[in-house]
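Trainee: Could we go through this structure together? I would like to learn how each label is reached.

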Amino acid sequence: MMQRQCAWCLRLMDSIGEPISSIPVPKMYEASHGICRVCGNLWLEAVLQDTEKQAVVQPVPVEVDTRGICQEKNAEWQTCLEARSF
Ligand SMILES: [Zn+2]
């Protein structure tokens, strides 16, 4: 039977991603690698936290900002874009 190993914590896991060893084992190249349920949850939490942070900051898209400035100055869009490429 093909062994499965979590590529994150290096613990062996069963076919549904439940860790079946409590300690990491050396990386087995013949095993199929994935992410175990424990690491999957941690990863998901990190992603959700990142998403929340981004939602709070809500940066103004640069393109919209510069386009507004260019239109104010009646500059040709492409010229303006080149002039403003940092
Ligand atoms: Zn894991």
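Predicted model: local features only at pLDDT ≥ 70, side-chain atom pairs only at ≥ 80, totals over all residues.

Trainee: What does the secondary structure of the chain come to?

Mentor: There are three helices and three strands. Following the sequence, the pattern reads β-β-β-α-α-α.

Trainee: And in which order do the three strands of the open sheet lie?

Mentor: The order is β2-β1-β3, and the pairing is mixed. The edge strands are β2, residues 12-13, and β3, residues 32-34.

Trainee: What makes β2 and β3 edge strands?

Mentor: Each of them pairs on one side only.

Trainee: How do you know that β1 and β3 count as paired?

Mentor: Pairing needs at least two bridges between the strands. Strand β1, residues 4-6, and β3 have three bridges, so the pair meets that cut-off. The sense is parallel, and Arg4 of the chain stands opposite Ser32 in β3.

Trainee: Which residues does Ile20 touch?

Mentor: Leaving aside residues up to four places away in sequence, Ile20 touches Leu12, Met13 and Asp14. Ile20 and Arg4 are 16 residues apart in sequence, and their C-alpha atoms are 9.9 Å apart in space.

Trainee: Asp14 came up there. Why is Asp14 called exposed?

Mentor: The count for Asp14 is 12 other C-beta atoms within 10 Å. The exposed class takes in 12 or fewer, so Asp14 is exposed. Asp14 lies in the loop between β2 and β3.

Trainee: Why is Val25 called partly exposed?

Mentor: Val25 has 13 C-beta neighbours inside 10 Å. Exposed stops at 12 or fewer and buried begins at 20 or more, so Val25 falls in between and is partly exposed. Val25 is also found in the loop between β2 and β3, and, not counting residues up to four places away in sequence, it touches Leu10, Arg11 and Leu12. Val25 and Cys6 are 19 residues apart in sequence and 9.8 Å apart in space, C-alpha to C-alpha.

Trainee: What about Leu10: why is that residue partly exposed?

Mentor: Leu10 has 18 other C-beta atoms within 10 Å. Buried would need 20 or more, so Leu10 is partly exposed. Leu10 sits in the loop between β1 and β2.

Trainee: What is the phi of Leu10?

Mentor: Phi is near 65°, a positive value in a residue other than glycine.

Note on methods:
Residues numbered from 1 in each chain as written. Helix = DSSP H or I, 4+ residues; strand = E, 2+ residues; numbered from the N terminus. Contact = placed C-beta atoms within 7 Å.
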